[in-house]
Amino acid sequence: MLPPFVIEQVVDAPASRIWQALTDKAQMKQWYFEVDEFKPEAGFHFTFTGGDEQQTFLHLCTIIEVVDKQKLRHSWQYEGQEEQTYVTWELYEEGDKTRVKLTHEGLELIAHHGPAFATNNFHEGWKYILGTALKNHVENK
């Protein structure tokens, strides 16, 4: 097993605002992915489609752990693939700002499914999602 991918970003927003962005489906659509339903409750299943102009993938996810306004952990699997990876969002208040830590475990398990699943693609995608999309969404509210 390779070490998980970890990225951190300090955001100029309170943890409560970031938590809302992570758990409210209307806000998720603005910066992340569009989900039909979302409840920050262990055992809740949610799906969304992501990809690019050439290819889209159905993501199958189940919430594993929730600590209100601090931690959200869920599985991350693709339709037609057996392997599961895991995404964890953690929020740490630092004065009037919040350090957001994202961990994606198990990327090496799915890399063999083709170029779209290359570890570097996930690294770049998460850097954009956390460092640009989420940051801009919560700081500009």
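Leaving aside neighbours within four places in sequence, L130 is in contact with I7, E8, Q9, W89, V100, L102 and K135, where contact means heavy atoms within 4.5 Å. L130 sits in helix α3; helices (H or I, at least four residues) and strands (E, at least two) are DSSP runs, numbered from the N terminus. With a relative accessible area of 0%, L130 is buried. Buried here means under 20% relative accessible area, exposed means over 50%, and partly exposed is what falls in between, using a 1.4 Å probe and protein chains only. Q70, by contrast, is 60 residues from L130 in sequence, and the two C-alpha atoms are 16 Å apart in space.

A word on the model itself: it is predicted, so local features need pLDDT of at least 70 and side-chain atom pairs count only at pLDDT 80 or more, while totals for chains, interfaces and linings use all residues. Residues are numbered from 1 along each chain as its sequence is written, and side-chain values use heavy atoms, with hydrogens and water left out.

Further along helix α3 comes H137. H137 counts as buried, at 10% relative accessibility. Not counting residues up to four places away in sequence, H137 touches A21, Q27, Q30 and W31.

Now for the overall layout. The protein chain has three helices and six strands, and reading along the sequence gives the pattern β-α-α-β-β-β-β-β-α. The six strands form an open sheet in the order β1-β6-β5-β4-β3-β2, with antiparallel pairing; two strands pair if DSSP finds at least two bridges between them. At the edges are β1 (5–11) and β2 (45–51), each of which pairs on one side only. From one strand to the next, the twist averages 25°.

Some of the pairings can be followed residue by residue. Strand β5 (residues 84–94) and strand β6 (residues 97–105) run antiparallel to each other over nine bridges. Along this pair, E93 stands opposite T98 in β6, and Y86 has E105 in β6 as its bridge partner. The β5 and β6 hairpin has two residues between the strands, and G95 takes a positive phi near 70° there. On β6 there is also a pairing with β1, antiparallel over seven bridges. In that pairing, V11 stands opposite T98. As a rule, side chains in a regular strand alternate between the two faces of the sheet.

What lies across the sheet? Helix α1 (residues 15–23) lies across β1, β3 (56–67), β4 (71–78), β5 and β6, and runs at about 160° to β5. Helix α3 (residues 119–139) packs on the sheet too, touching β1, β4, β5 and β6, and its direction makes about 20° with that of β1. In soluble globular proteins, nonpolar side chains tend to be buried together.

H113 belongs to the loop between β6 and α3. At 31% relative accessibility, H113 counts as partly exposed. Beyond neighbours within four places in sequence, H113 is in contact with Q81 and E83. H113 and Q81 are 32 residues apart along the chain, with 8.5 Å between their C-alpha atoms.

Finally, the chain as a whole. Buried residues make up 40% of the 141 residues. Among contacts between residues at least 6 apart in sequence, 46% join residues at least 24 apart. The C-alpha trace spans about 40 × 30 × 25 Å along its principal axes. A compact globule with 141 residues would have a radius of gyration near 14 Å, and the chain's 15 Å agrees with that; the radius is taken over C-alpha atoms, and the globule rule is 2.2 Å times the number of residues to the power 0.38.

Notes: Axes are lines fitted to C-alpha atoms, for helices over the stretch in contact, and angles run from 0 to 180 degrees between N-to-C directions.
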